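Let's take a walk through a protein model together. Have the structure open and follow along.

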Amino acid sequence: MERYPNLFKPIRIGNMEIPNRIVHEPTDISSSNADGSVSERDIYHHREVAKGGFGLIIVGATTPDAKTGRPTVTGLVADGDNFIPGLARLAEAMHQYGAKCAVQLMHPGRQCAIPRHNIMSTNDTVFTLPWSAGHEIVYENAEEKGKEVRAMTTEEVLDMVDLFAEAAWRIQQAGFDAVQLHAAHGYLISGFMSPFINRRNDRFGGSFENRMRFPLAIVAQIQQKCGRDFPVLIRYSADEWVPGGREIEESKQVAQVFEEAGVAALDLSMCVQESPGAGFDPMQYPEGWTMYASEAVKEVVSVPGINSHTLRDPDYCEQVLAEGKTDMVGLARQILADPYWPVKARLGKPEKIRKCISCRTGCWQESLMAKKEIACAINPACGDMRFADMEKTNHPLRVAIVGGGPAGMEAARIATVRGHQPTVFEKTEELGGAILGCCMVPDKDKMRWYADWLRYEIRDLGVEVKLGHAPGVEELKAYDIVLNATGASSYVPQVHGLADRVIPFEEVIACPKVNCEFYPAGVDRKNRKVGERVLVWGDHYAATDTVAFLAAIGKDVTIVTEQREFGATVEVIHMYVLRKRFSQTDAEALHSKPYKYPVKVLTDSTLYEIGEGEVVIQDKEFNRVTAEVHDIVTCHTRPNQELFREMREAGLNVVNVGDALRPRNLNAAVKEGALFGLSLDDYLLFNPNNAVLNDLPLDVKGQLSV
Ligand SMILES: Cc1cc2nc3c(=O)[nH]c(=O)nc-3n(C[C@H](O)[C@H](O)[C@H](O)COP(=O)(O)O)c2cc1C
Ligand code: SF4
């Protein structure tokens, strides 16, 4: 009997027969050409998604008017007929693999990345959304910088209705099966519908009826332009999660009004961007937390419903479909992490799915927030066509990989798939590296999903692994090439007094391994216990994780960081949620229950002196205060480069990656490890910058290999 009968049951949306219940939720991959036309990367990405077997693929935010609003700097545009040929190629690439496809039309309004001035919105206001792709600040989570926007005139509103309808017509001409309107997350249509955002006093603001006028006018105009049988889907936020915002009761009313207007399917999402936790689910958010919304809406309408957010596991998705909680399941980031999700489930290999861990470091922090094209921290092939063309080698190399963290394991995985012969050396008794610290941090168990996925891959591929083994230069000389993936370690910065009292954070969040199949029986490891009052000194992920753990077990924690803002290099949505939790502010969809005590944060400060049971903290004005603490934990980290330097001096072929290069995040470690695996070829050449060359023109390769 088929394991997932409900997932693979066809369904009708309007006149579309969709082969299964799995929807690719719209995801702006910000990979179009600079003018907004479809790029080769767009085609590559969506073709892989279609190969994966999604029944319905909704292409991400596509603007009907680039001049007044693009949500990301290289988001798709459909405001001229010149965009039709590219869109047609995109539709064809997906149809080839049996998917139905739609484009999501979206005007970002106040949340635009382009333009920067004279920005259209529902009303005049100044606001700050430092976690939004449309915000000016990159990599600085400062909230103080405001963005001015202005109210659209009535004429502009009416013109916008036409622009949406014209764009929908182009989508139809290009061969798409449907169009979706983005009415969620605080973008333009959402802004009009939201009682929280919309402060207009004309016929487009105020009452429920007035707030619904703009979206309903767009639906009617599309129906007129494209015909009533061209399905129009709508995505809106069932709960806005802000005081005064829409809640589920009004959302039921919204559903009824849209159904009456002939909308073909309702795709439920969450939040406006003032409540980013709810819309951008960080790692702490559990699978299925939004299911209550489609259950409620299904009580009042019969039009098909799609539910989404943190759906990862095919068994869970099958269950919610079987229980009738939703008609279709929508996946977004999961597809960036593994576009082959449906086919792996269909062929009975769900354990091979690389489940998205909701870290957001690839798809948000390093991509859309940094104004770049899409990436995924755990899937190096996301948006990178080089991995699609991966080839087997004709000349296997003996590769030593020192360090069994994510960079090392990913390098070993790709190298092995390509036919090379890596050996992974790991000085501890277990593969996993820095990820394993996350086992102790409340609600970071998704990190284990990835550690386990990699460890199973390493096992299934038969990679040689030497645990409890730190090789020296002599041993490594036997290999053709060495990868230094030894990561980073904590250290104690210069300080007066008893520096040896400082505890490395690695010892505090070390997992004691009650039961773990990857940890050898009989090897006993304990984490270091600390006193009641703890000072955590440092920043970045080491500090946020350590603090989250200590606070959750009831310690009285103070953070001292030299930075202007704590955690500014941590992914922004996670930072938002942590800040709320540390300050015990209950202003996000999931509240701060795991944290028993508030966490004190001292920025622009450092430790000046450590005494017996107390420390002296100094701020940037050189003011000093004495505080009573039982233990001090350092979270200052630096790369492990000693072995790398020794190998260079001994003349070995060696490459340095991940945190061993510079402490950053998972996205950097995995990508660099994977690119190393990809760069290995039948010959070994390094350029003067010590980078491996594998893609030289044949004649140059010949010249240099002689
Ligand atoms: C990189 C990125 C781009 C996104 N682009 C869109 C978009 O264009 N339209 C939209 O409705 N939602 C967009 N979202 C939100 C997702 O569709 C989805 O609602 C959210 O990521 C939570 O679901 P998930 O856990 O399945 O990813 C985007 C999310 C990410 C991470
Ligand atoms: S970067 Fe992280 S959150 Fe984004 S898709 Fe990849 S695993 Fe998921």
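## How the chain is divided

Keep in mind that this is a predicted model.

Now look at domain 1 and domain 3 as a pair. In the contact, domain 1 takes part with 28 residues and domain 3 with 20 residues. Together they bury about 1800 Å², and 60% of that is on carbon and sulfur atoms.

## Around ligand 2

Where does ligand 2 sit? You'll find it in the second largest cavity. The residues around ligand 2 include Cys 356, Cys 359, Cys 363 and Cys 376, along with Arg 333 and Arg 360. Leu 336, Ile 357 and Ile 378 are also among them.

Sort the shell by type and you get 8 nonpolar, 2 polar and 2 charged residues. Helix 11 (333–337) and helix 13 (361–368) each provide at least two residues of this shell.

Most peptide bonds are trans, and most residues other than glycine have a negative phi. Two spots here go the other way.

One is the peptide bond from Ile 114 to Pro 115, which is cis, with omega near 0°. Pro 115 belongs to the loop between strand 6 (100–105) and strand 7 (120–121). The other is His 185, with a positive phi near 65°.

Conventions. Residues numbered from 1 in each chain as written. Chains lettered and ligands numbered in written order. Predicted model: local features only at pLDDT ≥ 70, side-chain atom pairs only at ≥ 80, totals over all residues. Heavy atoms only, no water. Near = heavy atom within 4 Å. 1 Å grid on protein atoms, 1.4 Å probe; cavity = no way out; pocket = protein on both sides within 12 Å on 5 of 7 lines; lining within 4 Å. Sits in = over half its atoms within 2 Å of the grid points. Helix = DSSP H or I, 4+ residues; strand = E, 2+ residues; numbered from the N terminus. Nonpolar A, V, L, I, M, F, W, Y, C, P; charged D, E, K, R; others polar. Contact = heavy atoms within 4.5 Å. Buried area = accessible area lost by both parts, 1.4 Å probe.
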